[in-house]
Amino acid sequence: MYAELEIAEEILLDAYKQNPGGWMAHSKMSALVARIIAKNTHGILNEHKAYSLGLLHDIGRIKGVTSMKHIIDGYEYMKDLGYDENARICLTHSFPIKNIQAYTGKNDLDNNAFLFINDFLQNTEYDDYDKLIQLCDALCTSEGIVIIEKRLIDVAIRNGINELSVEKWKAFISLIDYFNSKYCIDVYSLLGLQDTVQILNMNI
């Protein structure tokens with residue numbers, strides 16, 4: 001079960017009031033992109049569900065300024081509200097590769113939470129909603145939609161990199177090809193970014 005749109009909007013607004021920041025604009029942008037992509041999957045993905053999952057993927061921010069901890073905080077918050085599908089996305093959205101060590105922010109989890117997330121990732125088969133929100137998270141800043149490489153660099157500047165970063169970047173980038181191929185779409189064109197990509201290619 002996922003939060004219906006009106007409820008999801010209320011949940012996000014309440015969280016923002018408790019912890020204001022650019023994360024809400026990022027969440028809204030991610031939701032918008034998720035809906036656009038889902039709407040173009042020929043009825044396979046539900047655009048309303050995609051929007052809800054995108055809107056609340058970072059809802060763990062309600063607990064304050066944290067790093068990796070927002071993942072488990074979001075999961076527990078959504079589980080308590082009875083929205084298991086939103087809860088799942090809170091855990092999976094940061095991990096296009098199923099390795100908790102790939103997270104480059106601060107590890108502010110206790111050991112039990114760390115082990116729980118790691119076990120969850122290892123025992124969860126990603127579906128296209130998991131992959132969709134991973135992609136949307138990697139396309140959206142608080143200021144708007146960007147090509148995925150720009151977003152990855154932005155995160156790396158803020159959080160640093162580790163030995164798994166290149167593998168993680170490749171996984172994020174491969175999500176573009178995955179959705180383009182499976183659903184016969186062009187993600188960048190749908191989002192109005194195709195001209196930017198063409199200019200970048202011409203400059204290489």
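In this predicted model, the largest nonpolar core holds 32 residues. Leu56, Ile59, Met78, Phe95, Ile100, Leu109 and Ile117 touch the most other members. Two or more residues each come from helix 1 (5–18), helix 2 (23–39), helix 3 (47–55), helix 4, helix 5 and helix 6 (111–122). Helix 6 gives the largest share, 5 residues. In soluble globular proteins, nonpolar side chains tend to be buried together.

Phe95 touches Ile71, Ile100, Tyr103, Ile117, Leu121, Tyr126 and Gln134, leaving aside residues up to four places away in sequence.

Helix 4 (residues 69–81) packs against helix 5 (residues 84–92). Their axes come within 8 Å and cross at roughly 175 degrees. Angles over 145 degrees count as roughly antiparallel, so helix 4 is roughly antiparallel to helix 5. Helix 4 contributes Ile71, Ile72, Gly74, Tyr75, Met78 and Lys79 to the contact. Helix 5 contributes Asp84, Asn86, Ala87, Arg88, Cys90 and Leu91. By class, the contact has 7 nonpolar, 2 polar and 3 charged residues.

Backbone geometry was also examined. Most residues other than glycine have a negative phi. His42 is not a glycine, yet has a positive phi of about 60 degrees. His42 sits in the loop between helix 2 and helix 3. With 60% relative accessibility, His42 counts as exposed. Cys184, also not a glycine, has a positive phi of about 50 degrees. The loop between helix 9 (165–183) and helix 10 (187–190) holds Cys184. Its relative accessible area is 66%, so Cys184 is exposed.

Notes. Residues numbered from 1 in each chain as written. Predicted model: local features only at pLDDT ≥ 70, side-chain atom pairs only at ≥ 80, totals over all residues. Heavy atoms only, no water. Axes fitted to C-alpha atoms, helices over the stretch in contact; angles between N-to-C directions. Helix = DSSP H or I, 4+ residues; strand = E, 2+ residues; numbered from the N terminus. Parallel < 35°, antiparallel > 145°, perpendicular 65-115°, else oblique. Contact = heavy atoms within 4.5 Å. Nonpolar A, V, L, I, M, F, W, Y, C, P; charged D, E, K, R; others polar. Core = buried A, V, L, I, M, F, W, Y, C linked by side-chain atoms within 4.5 Å. Buried < 20%, exposed > 50% of the residue type's maximum accessible area, 1.4 Å probe, protein only.
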